[in-house]
Amino acid sequence: MKTLLVIGIGAGNPDYITLQAVKALNRVDVFFIMDKGQDKDKLIDLRRELCERHINDPHYRFVEARSPERERGEVDYKTSVDELNLAKQRTFERLINEELADDQCGGFLVWGDPALYDSTIRILQAILASGTCTFEFEVIPGITSVQALAAQHKVPLNQIGRSVEITTGRRLAAGQVSDADSLVVMLDAQDAYQHVADQQTQIYWGAYLGTPDEILISGKLGEVAQQIERVRKAARQANGWIMDTYLLRKP
């Protein structure tokens, strides 16, 4: 029986990886890497560094495949995501069938935690449901950018006895109303914090968390929103991509 491990590797700092994840790395024969283009080569390099640092017996190998891209522009978002995941499912099926022997263990290295805004688990479940591959899989949790953000800013995510909500920049920009006192926003491609009406709202913003490129800004929205927009734009231009997360706290 083939075995797959979906391993959460943290937000970018090699030291964020858990002892459970280290043990899982040492079980893997084949690591499947989804190549997202030259601009994101650093992400692949970090994966390789993790393996070199933590694997005792270098018997493993890497298999890279071009990652399908989501259609953008004037398209239905949910439909485009469904089509993207279907394309990834076909790629995963091919890799599992062609690159992994029946008695081997394959590994997917997932940024942050596999359960938070990542589709690897859903895709593997869809493959099993389709019957095109037979395998067992395990999920190893990791440290998310949400946890790293709070740690780097030295703040708790919640206020005492109050709720925390995690959402996306797309939903915030669309006018999402939340009763939560603390709102964590991920996957923001549109500077959605600018849509928050109360300029006294506190923001704790971080980009490239846990990496040498890490950037942190905090303050009241009315005082730092333009700075975040400016810094964010410059960082994207310099690196070709950006991964950022922020916490909004009602005054």
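Reader: Does leucine 187 count as buried or exposed, and why?
Author: Leucine 187 counts as exposed because its relative accessibility is 53%; exposed means over 50% relative accessible area, buried under 20% and partly exposed in between, with a 1.4 Å probe and protein chains only. This is a predicted model, in which local features need pLDDT of at least 70, side-chain atom pairs count only at pLDDT 80 or more, and totals for chains, interfaces and linings use all residues. Residues are numbered from 1 along each chain as its sequence is written, and side-chain values use heavy atoms, with hydrogens and water left out.

Reader: Where does leucine 187 lie?
Author: Leucine 187 is in the loop between strand S7 (182-186) and strand S8 (202-207). Strands are DSSP runs of E with at least two residues, and helices are runs of H or I with at least four, numbered from the N terminus.

Reader: Changing topic, how many aromatic pairs are there in the whole structure?
Author: The search finds eight aromatic pairs. Rings of Phe, Tyr and Trp (its six-membered ring) pair if their centres lie within 6.5 Å; planes under 30 degrees apart count as stacked, over 60 as edge-to-face and the rest as tilted. The pair of tyrosine 208 and tryptophan 241 is edge-to-face, because the ring centres are 5.2 Å apart and the planes are at 85 degrees.

Reader: Are those two residues, tyrosine 208 and tryptophan 241, buried or exposed?
Author: Both tyrosine 208 and tryptophan 241 are buried.

Reader: Which residues do ring pairs link into a cluster?
Author: Phe31, Tyr60 and Phe62 are linked in this way.
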